[in-house]
Amino acid sequence: MTFHFEVPQEKVPTLGERSFLQIGDKALALFNVAHQLYAIDDSCPHQGASLFGGRLAGKVIQCCAHGLRFDLASGCLLNSTQLKVASYPVTRVGEQVFIVMDAGERHE
Ligand code: FES
């Protein structure tokens, strides 16, 4: 079962920007790359550092802590499927933006 979290308009990042979202006890980072939105957990699967402030190159985010790089679309470590940050589908309905999460991920 899934639920759709509606991203407040002021939190929808413009082109090239990112925003931080707190959904229940979950912290997410939302990126706008080439007008495509990507949502991931703001927690590196290596040792838990924030990915929100990481260096972005295309749709690859590099963790500030130890430099691992993750594909925003799949959440996977580059050239590997061994390490993966949770990523969430993002949908648009007109001006509204929704992040699709499993109901169990709500943690409210
Ligand atoms: S905590 Fe992100 S690379 Fe180590």
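## Close-up views of a predicted model

**View 1. Strands β9 and β10 side by side.** β9 and strand β10 (residues 96-102) pair in the antiparallel sense over four bridges. Here a strand is a DSSP run of E with at least two residues, numbered from the N terminus, and two strands pair if DSSP finds at least two bridges between them. Look for T91, whose bridge partner in β10 is F98. The two strands form a hairpin with two residues between them, and G94 in the turn has a positive phi of about 60°.

A word on what you are seeing: this is a predicted model, in which local features need pLDDT of at least 70, side-chain atom pairs count only at pLDDT 80 or more, and totals for chains, interfaces and linings use all residues. Residues are numbered from 1 along each chain as its sequence is written.

View 2. Strands of a sheet pair through backbone hydrogen bonds, either parallel or antiparallel.

**View 3. The open sheet of four strands.** Which order do the strands of this sheet follow? The order is β2-β3-β4-β8, with antiparallel pairing. β2 (18-23) and β8 each have a single partner strand, so one side of each is left without a neighbour in the sheet. Six bridges join β3 to β4, and N32 stands opposite L37 in β4.

**View 4. A34 in the loop between β3 and β4.** A34 lies in the loop between these two strands. Its phi is near 55°, a positive value in a residue other than glycine. Most residues other than glycine have a negative phi. Is A34 buried or exposed? A34 counts as exposed because it has 8 C-beta neighbours inside 10 Å. (A residue is buried if 20 or more other C-beta atoms lie within 10 Å of its own, exposed if 12 or fewer, and partly exposed in between, with C-beta atoms placed from the backbone.)

**View 5. The largest nonpolar core.** A nonpolar core is a set of buried Ala, Val, Leu, Ile, Met, Phe, Trp, Tyr and Cys residues joined through C-beta atoms within 7 Å. Of the 24 residues in the largest one, Y38, A39, I40 and I99 touch the most other members. The elements that give two or more residues to this core are β1, β3 (26-33), β4 (36-41) and β10, and β3 gives the most, with five residues. Not counting residues up to four places away in sequence, Y38 touches F31, V33, K59, L72, A73, S87 and V90; touching means that the C-beta atoms, placed from the backbone, lie within 7 Å.

View 6. L78 is found in the loop between β7 (69-71) and β8 (87-88). With 12 C-beta neighbours inside 10 Å, L78 counts as exposed. L78 touches V60, R69, F70 and D71, again leaving out residues up to four places away in sequence. N79 lies in the loop between β7 and β8 too, and its phi is near 60°, a positive value in a residue other than glycine. N79 counts as exposed because it has 8 C-beta neighbours inside 10 Å.

Terms used
Two residues are in contact if their C-beta atoms, placed from the backbone, lie within 7 Å.
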